[in-house]
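Thank you all for coming; I would like to walk you slowly through one structure this morning. Please have a look at it first, and then we will go through it part by part.

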Amino acid sequence: MTLTTTSENIKLSAIIPMFNAGTMFRNFMDSLVAQTLNSFEIIIVNDGSTDGSDCVAKEYAEKFPHIRVIHQENGGVSRARNAGLGIAQGQYVTFPDADDILDPNMYKTLIEMCEQDNLDVAQCNGERYFVGSEKVKPIIPTDRLTSTGVLDGPYWLKTALATNRYLHVVWLGVYRLELIKKHGLYFEPGLHHQDIPWTTEVMFNARRVRYTQTILYRYYIHGQSISNQKRTGMKNVEYQRHYLRIAKMLDELNRQYKDKVKIYAEFHRQVTREALTVCHSVRREPDPAAQKAIIDDIYASGTRKIMLRNARGPKQWWQLLLWLKRLHDLKKKLA
């Protein structure tokens, strides 16, 4: 296969933040260079790796002309993705994780969808692969959601959230670069799970979105990934602050866009859902001092008011009122 990579005909830029990608990086890269799409570029952003991943990336770049590597001091996933966006030349961009595996037809399928329907965003389904048990589960089961026609972004997001299986991740889709640059849709530096507010705002601005139920991406669940590490004590306190910040950002996005797009009940419910994950973390935290710190953060950040403002439906209201009482009782107990 001959890859064409002049700026005039690059259909897709795959931007890969890389920090100590480890032993799975070669498997990931092999699945990336095996893509059947014949007009795309691969931008690897070495985010200060110290495990030799940068040498592996250089090896692939020397072998494949459509790969380039840029280097920066360790600054996190968001800064790495933003750096890649700054030099991307594709009509669309995507952001796969450096420790996952892609179906060889993933990007050809998504780009063909984009070209057929002039899409702003095309998304596919994926699967979770649990490294320890080797179990595989679809991210969105087909009994929850099947392939769609062309939808506007807010309605697609409403539809996806209503499944209760949707993941706010950037690696299941391709996104029109012109849309990102027009609206300044860059990633929030220093924020864990920055995919959540980013994908939300992208969908608020997207006018043509389509989803295929075809599973084209394998997401590996293992202890090394940031999102799957178990944290206790002050590490957990710091981590939960990211979710409090995300809930606030989602609430602000709903307010910012309320006169531009329809703000569905699912968008409000998502705000409270993200904040409730912090409440659940209090019960799992074994250290009383850390419990107290998380509760203090919930109170100081105004998250209780945010949850009350956004709760929707009897089930979520019941969960919220139950947790508000629990927090009140725990706060008194730990004082």
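L321 has a relative accessibility of 48%, and it therefore counts as partly exposed, on a scale where buried means under 20% relative accessible area, exposed means over 50%, and partly exposed is what lies in between, with a 1.4 Å probe and protein chains only. You will find L321 in helix α12, which covers residues 314-334; helices here are DSSP runs of H or I with at least four residues, strands are DSSP runs of E with at least two, and both are numbered from the N terminus. Together with L308 and W317, L321 forms a nonpolar patch on the surface, and the accessible area of these residues together is about 260 Å². Such patches are made of residues with over 30% relative accessible area and no salt bridge, where like charges are joined within 9 Å and nonpolar side chains (Val, Leu, Ile, Met, Phe, Trp, Tyr) within 5 Å. The accessible areas come from the Shrake-Rupley method with a 1.4 Å probe, and for residues only the protein chains shown count as cover.

Before I go on, a word on the source: this is a predicted model, in which local features need pLDDT of at least 70 and side-chain atom pairs count only at pLDDT 80 or more, while totals for chains, interfaces and linings use all residues. Residues are numbered from 1 along each chain as its sequence is written, and side-chain values use heavy atoms, with hydrogens and water left out.

Let me turn to strand β1, residues 12-18, which is mostly covered, since seven of its seven residues are buried. L12, A14, I16 and M18 point one way from the strand, S13, I15 and P17 point the other way, and all are buried. On the pairing, where two strands pair if DSSP finds at least two bridges between them, β1 runs parallel to strand β2, residues 40-47, and is joined to it by seven bridges. Within that pair, I15 stands opposite I43 of β2.

Now to the charged side chains. Side chains of opposite charge can pair when their charged atoms come close.

Which residue forms a salt bridge with D297? The partner is R241, with the closest N and O atoms 2.7 Å apart. This pair links distant parts of the chain, D297 being in helix α10 (residues 288-300) and R241 in helix α8, 56 residues apart. R241 also meets E238 in a salt bridge, at 2.8 Å from N to O, and these two are separated by about one helical turn because they are three residues apart in helix α8, residues 233-257. As for cover, D297 counts as buried at 18% relative accessibility, whereas R241 counts as partly exposed at 34% and E238 as partly exposed at 42%.

How many disulfides does the count come to? With a disulfide taken as a pair of cysteine sulfur atoms within 2.5 Å, the count comes to zero. For C114, the closest cysteine sulfur is in C124, 11 Å away, which is too far for a bond; C114 itself counts as buried, at 1% relative accessibility.

I will finish with the backbone. Most residues other than glycine have a negative phi. N20, in the loop between β1 and α1, has a positive phi near 45°, and E134, in the loop between β6 (121-130) and β7 (136-138), has a positive phi of about 65°. N20 counts as partly exposed at 28% relative accessibility, while E134 is exposed, with a relative accessible area of 56%.

Key: Salt bridge = Lys/Arg side-chain N within 4 Å of Asp/Glu carboxyl O.
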